[in-house]
Amino acid sequence: MLKNEFSEIEKILSGYSDIITSDVMEYRNEISLYYGAVRLHDFLKKQGCNSCLPIESKCLDVYGMYSYVMEYEKNISIDDEKFKVISNEIKVEENESPCIITGANEGGKTVFLISLASLQLLFQNGLMVPA
């Protein structure tokens with residue numbers, strides 16, 4: 001008797017599976033993005049790192065920005081000194097000229113710019129940023 005009931009339930013659900021699957025599949029990339037962002041936030045929180053929701057503004061004003069990639073690599077590295085994560089800040093007012101980043105080789109210019117770009121991408125998607 002239960003076999004017949006389960007068979008009937010299976011028929012009913014199979015009629016909806018195509019609809020549900022197509023809707024979920026349509027948004028799978030977005031779901032993956034937000035799921036990954038939540039996992040990143042949880043990881044950073046466990047490491048004792050700060051994160052925040054930025055406020056939209058016409059100027060660029062970032063304090064305590066750091067590379068979450070470097071923080072992750074520090075976590076999996078045996079040599080903690082190799083991956084010393086430092087925070088940066090930048091402030092550019094609305095009508096200021098563009099700034100030029102200079103410094104010594106291996107001074108952190110690339111990491112700084114990658115961190116700034118990743119903050120912008122996270123911000124544009126309404127996500128927490130590492131700062």
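Which helices each supply at least two residues of the lining of the largest cavity? They are α3 (68-76) and α4 (109-124), helices here being DSSP runs of H or I of at least four residues, numbered from the N terminus, and strands being E runs of at least two.

## Basis

This is a predicted model, in which local features need pLDDT of at least 70, side-chain atom pairs count only at pLDDT 80 or more, and totals for chains, interfaces and linings use all residues. Residues are numbered from 1 along each chain as its sequence is written, and side-chain values use heavy atoms, without hydrogens and water.

## Cavity

The count is 1 cavity of 30 Å³ or more. A cavity is a set of points on a 1 Å grid over the protein atoms alone where a 1.4 Å probe fits but cannot get out, and lining residues have an atom within 4 Å of a point.

The lining consists of Tyr-66, Ser-67, Tyr-68, Val-69, Ile-114, Ser-115 and Ser-118. Helix α4 gives the most to this lining, with 3 residues.

## Glu-71

Glu-71 is found in helix α3. Its relative accessibility is 3%, so Glu-71 counts as buried (under 20% relative accessible area, 1.4 Å probe, protein chains only). Beyond its neighbours within four places in sequence, Glu-71 is in contact (heavy atoms within 4.5 Å) with Phe-43, Leu-44, Gln-47, Cys-49 and Val-85.

Key: 1 Å grid on protein atoms, 1.4 Å probe; cavity = no way out; pocket = protein on both sides within 12 Å on 5 of 7 lines; lining within 4 Å. Points joined across faces, edges and corners; volume = space filled by probe spheres on them. Buried < 20%, exposed > 50% of the residue type's maximum accessible area, 1.4 Å probe, protein only.
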